[in-house]
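Take a look at the model first, then read on.

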Amino acid sequence: MRAIKIDVVKKQVYEIEISKGLNPIYEAIGCDIFCCPVTCDNQDTIYADDEAVLKEDVEGCFSFPDFYYPIVGNALILGTDDMGESVDAKSSVEELQQKIIWGNKQVAERWRENVMG
């Protein structure tokens with residue numbers, strides 16, 4: 001499947017190919033548990049590390065103009081079909097690069113502190 005990776009360490013957005021299933025998603029993000037905090041209007045879904053704010057070694061975060069909070073850690077974007085199955089991402093790397101707002105390690109740590117209380 002065509003997926004789009006959001007890499008907070010490199011501050012890059014790029015296409016990757018992944019196989020169907022959960023394990024390729026875990027591997028691409030670099031996590032043990034993921035969540036899907038955002039589904040876009042075109043049915044693309046953002047997969048993110050569900051435990052990122054619990055980790056003390058966060059490397060960065062990202063957001064988009066209409067987000068209420070940053071997403072900490074790397075993320076993956078895949079499309080979603082009418083049955084809820086993952087399919088090729090519809091978004092383009094170029095449109096995501098134009099919208100993304102990068103947060104460095106300090107921003108991610110401040111968000112972590114805010115969430116953890």
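This is a predicted model: local features need pLDDT of at least 70, side-chain atom pairs count only at pLDDT 80 or more; totals for chains, interfaces and linings use all residues.

Q: What makes up the protein chain, in helices and strands?
A: The protein chain has 3 helices and 9 strands. Read along the sequence, they follow the pattern β-β-α-β-β-β-β-β-β-α-β-α.

Q: How do you know whether the protein chain is as compact as a globular protein of its length?
A: Set its radius of gyration against the globule rule. The radius is 13 Å, and the rule gives 13 Å for 117 residues, so the chain is as compact as a globular protein of that length. The C-alpha trace spans about 40 × 30 × 25 Å along its principal axes.

Q: How much of the protein chain counts as buried, and what area does the chain expose?
A: Of the 117 residues, 44% count as buried; the cut-off for that label is under 20% relative accessible area. The chain exposes about 6,700 Å², with carbon and sulfur atoms supplying 48% of it.

Q: Why is leucine 78 called buried?
A: Buried means under 20% relative accessible area. Leucine 78 has a relative accessible area of 0%, so it is buried. This residue is found in strand β7, residues 75–80.

Q: Which residues are in contact with leucine 78, leaving aside its neighbours within four places in sequence?
A: Contact means heavy atoms within 4.5 Å. The partners of leucine 78 include Met1, Ile18, Ile25, Asp44, Tyr47 and Val87.

Q: What share of contacts in the protein chain join residues at least 24 apart?
A: Among contacts between residues at least 6 apart in sequence, the share is 60%.

Q: What is the volume of the largest pocket, and which residues lie nearest its centre?
A: The volume of the largest pocket is about 320 Å³. Its lining has 15 residues, and Cys40, Asp41, Phe64, Asp66 and Lys99 lie nearest the centre. The elements giving two or more residues to this lining are β3 (34–39) and α2 (93–99). The largest share, 3 residues, comes from α2.

Q: How do the lining residues of the largest pocket divide into nonpolar, polar and charged?
A: The lining of the largest pocket has 8 nonpolar, 3 polar and 4 charged residues. Cys and Phe count as nonpolar here, while Asp and Lys count as charged.

Technical notes: Residues are numbered from 1 along each chain as its sequence is written. Side-chain values use heavy atoms; hydrogens and water are left out. On a 1 Å grid over the protein atoms alone, a cavity is a set of points where a 1.4 Å probe fits but cannot get out, and a pocket is an open set with protein on both sides within 12 Å along at least five of seven lines; lining residues have an atom within 4 Å of a point. Grid points are joined across faces, edges and corners, and a volume is the space filled by probe spheres set on the points. Helices (H or I, at least four residues) and strands (E, at least two) are DSSP runs, numbered from the N terminus. The radius of gyration is taken over C-alpha atoms; the globule rule is 2.2 Å times the number of residues to the power 0.38. Buried means under 20% relative accessible area, exposed over 50%, partly exposed in between (1.4 Å probe, protein chains only). Accessible areas come from the Shrake-Rupley method with a 1.4 Å probe; for residues, only the protein chains shown count as cover.
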